[in-house]
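Visitor: Before we look at the model, I would like to hear for each label what value stands behind it and which cut-off it is set against. Could we go through it in that way?

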Amino acid sequence: MKEFTQDICDRFSNILSESQSDDDLSIFYTKNTIDVNGNEGRVYIKLFRDEIQIPYIVLKNRRRGTGTAVVNECINLCKEMDLKKVVVLGVMTEEMKCLCNKLGFSKIKYNYYDNNDYELLV
């Protein structure tokens, strides 16, 4: 069974703590969610069926490579856990759209609505 572990959670916590000056990080994880929250940013990641979903990455200090590092770690996890794709849900900002495009994600085309989800097959 595929699930998140303390080691995996620590990897995301380290990414945030290395790139932010935030000493006050709270870390919470379950077998299918990781939530790293601090004064300067928050990352929430879900394991759903055969994919890793990123509902949000919110960073106070941008353009430092943190978002790229988080998404790349998700890509690495997919390969390690034999998952099929990474999905970034509900892309609302131009910055996140550019990040998705830079990393090779494609916008998911739905039949009747557009909710700005991007995916990368791994």
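**Contacts, burial and a pocket**

Guide: Let us begin with E73, which touches R11, F12 and I15 when residues up to four places away in sequence are not counted. The model is a predicted one, and E73 is found in its helix α2.

Visitor: What makes E73 count as buried or exposed?

Guide: The relative accessibility of E73 is 14%, and the word buried is used for values under 20%. E73 therefore counts as buried.

Visitor: Why does T68 belong among them, with a relative accessible area of 18%?

Guide: T68, which also lies in helix α2, has a value of 18%, and since that is under the 20% cut-off, T68 is buried. Leaving aside neighbours within four places in sequence, T68 is in contact with L99, K102 and L103.

Visitor: How do you know whether the length of α2 agrees with what its 16 residues should span?

Guide: At 1.5 Å a residue, those 16 residues should span 22 Å, and the end C-alpha atoms of α2 are 22 Å apart, so the two values agree.

Visitor: What follows α2 in the chain, and what phi does D82 take there?

Guide: Just after α2, D82 takes a positive phi of about 60 degrees, although D82 is a residue other than glycine. Most residues other than glycine have a negative phi. D82 is found in the loop between α2 and β5, and because its relative accessibility of 60% is over the 50% cut-off, D82 counts as exposed.

Visitor: Where does R49 lie, and what is its phi?

Guide: R49 lies in the loop between β3 and β4 and has a positive phi of about 55 degrees, although R49 is not a glycine. Its relative accessibility is 71%, which is over 50%, so R49 too counts as exposed.

Visitor: Which residues touch the most other members of the largest nonpolar core?

Guide: In this core of 33 residues, F12, I45 and F105 touch the most other members. Two or more residues come from each of α1, β2 (33-38), β3, β4, α2, β5, α3 and β7, and α2 gives the most, with 7 residues. In soluble globular proteins, nonpolar side chains tend to be buried together.

Visitor: What is F12 in contact with, its neighbours within four places in sequence left aside?

Guide: F12 is in contact with I34, V36, I45, V70, E73, C74 and L77, of which V70, E73, C74 and L77 are among the buried residues of α2.

Visitor: And why is F105 called buried or exposed, given where it lies?

Guide: F105 lies in the loop between α3 and β6 (106-107), yet its relative accessible area is 5%, under the 20% cut-off, and F105 is therefore buried. Apart from neighbours within four places in sequence, F105 is in contact with V71, V86, V88, C100, Y118, E119 and L120. The C-alpha atoms of F105 and L77 are separated by 16 Å, these residues being 28 apart along the chain.

Visitor: What makes C100 buried or exposed?

Guide: C100, found in helix α3, has a relative accessible area of 2%, and since this is under 20%, C100 is buried. With residues up to four places away not counted, C100 touches V88, V91, F105 and Y118.

Visitor: What is the volume of the largest pocket, and which residues are closest to its centre?

Guide: The volume of the largest pocket is about 640 Å³; of the 25 residues that line the pocket, R62, G67, E95, M96 and L99 are the closest to its centre. β4 (51-59), α2 (66-81) and α3 (94-102) each supply at least two residues of this lining, and β4 provides the largest share, 6 residues. By class, the lining has 13 nonpolar, 7 polar and 5 charged residues.

Key: Residues numbered from 1 in each chain as written. Predicted model: local features only at pLDDT ≥ 70, side-chain atom pairs only at ≥ 80, totals over all residues. Heavy atoms only, no water. 1 Å grid on protein atoms, 1.4 Å probe; cavity = no way out; pocket = protein on both sides within 12 Å on 5 of 7 lines; lining within 4 Å. Points joined across faces, edges and corners; volume = space filled by probe spheres on them. Helix = DSSP H or I, 4+ residues; strand = E, 2+ residues; numbered from the N terminus. Nonpolar A, V, L, I, M, F, W, Y, C, P; charged D, E, K, R; others polar. Expected span 1.5 Å × (residues − 1). Buried < 20%, exposed > 50% of the residue type's maximum accessible area, 1.4 Å probe, protein only. Contact = heavy atoms within 4.5 Å. Core = buried A, V, L, I, M, F, W, Y, C linked by side-chain atoms within 4.5 Å.
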